[in-house]
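Biologist: Before I use the labels on this model, I would like to see what stands behind them.

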Amino acid sequence: MSQTILYARVSTAEQTLAHQRKQAEAAGFVIDDVVADDGVSGLTTGLRDRPQGRRLFDMLRRGDVLVVRWVDRLGRNYADVCDTIRELMRRGVIVRTVINSLTFDGATTDPMQQAVRDALIAFMAATAQAQAEATKEAQRAGIDHAKAREEAYRGRKPSFTRVQFDAVRDALGQGTGVSEIAASTGLSRQTVYRIRDNAADAEAALARWA
C-alpha cells in the first residue's frame, strides 16, 4: 500500500516543521508520515548525507508520494537536487510540491514530455541554488557593512593589549628607557612613544575595543 510522506528541511527559525505540514495539508495532501531534518544546509549537505534524508530513502517504495514544500527543501545544490529527483523517479516514487503544485514522476515514456519534465527539474534546481547563493552573498555583505561601521566608530584597533599598555605605563613611571620597554613588551618604539605621549587616547582606544 502506497503512502504519502512529507519531507521538511528546517534551516531557519521561520521554516518550522508545523508550518510546512500545515501548508501541505491546506493544499489537500493527506500526510501519512513526516520526515524532517533540522538545521541542515541544503547548499552544502546533500539529501543522502542528512540523518533523516538517509531514513527517507530507506522508507520510500514504488508508488509512494513524496511531498515537499518546494524543491529547495530537497536541497539547494543544482546537481544534487537533479540527481535526487531523478533517482526517486527511477525508483517509482512520485515527487510533488506544495508550491506550484508540480508533479515529477517517471510514468511518461514520451521523449518530448520527458525533455520538458527534465528541463523544469533543472530550472527549479538551478533557481534553488541561485537563491541560496544570493542569500549568502547578501548576508556576507551585511556582515561586512556592519563590521565596517563598527570599526569606523571605534577607530583604529590598538596594536597593544591592556597588559602591554599597563607594562609600558609602569616602566615609564620607573624611568625605563623607550628602547628597553619596547624590547621587553614586544612593542615597537613608535607604539611606546604613542602610549607615553598620548596615554589618555591609548586608554580610550583600549576601552572602545574591549
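The talk below takes up some helices and a loop.

Modeller: This is a predicted model, in which local features need pLDDT of at least 70 and side-chain atom pairs count only at pLDDT 80 or more, while totals for chains, interfaces and linings use all residues. Residues are numbered from 1 along each chain as its sequence is written, and side-chain values use heavy atoms, leaving out hydrogens and water.

Biologist: Why is H5 called roughly antiparallel to H8?

Modeller: Helix H5 (residues 162-173) and helix H8 (residues 199-208) pack at about 160 degrees, with axes 11 Å apart. Angles over 145 degrees count as roughly antiparallel, so H5 is roughly antiparallel to H8.

Biologist: Which residues of H5 and H8 meet?

Modeller: Arg162, Phe165 and Arg169 in H5 meet Ala199, Ala202, Glu203 and Leu206 in H8, where contact means heavy atoms within 4.5 Å.

Biologist: Why does Asn100 count as exposed?

Modeller: Asn100 has 54% relative accessibility and the cut-off is over 50%, so Asn100 counts as exposed. Asn100 lies in the loop between strand E4 (94-97) and strand E5 (103-104), and has a positive phi of about 75 degrees although it is not a glycine.

Note on methods
Axes are lines fitted to C-alpha atoms, for helices over the stretch in contact, and angles run from 0 to 180 degrees between N-to-C directions. Helices (H or I, at least four residues) and strands (E, at least two) are DSSP runs, numbered from the N terminus. Angles under 35 degrees count as roughly parallel, over 145 as roughly antiparallel, 65 to 115 as roughly perpendicular and the rest as oblique. Buried means under 20% relative accessible area, exposed over 50%, partly exposed in between (1.4 Å probe, protein chains only).
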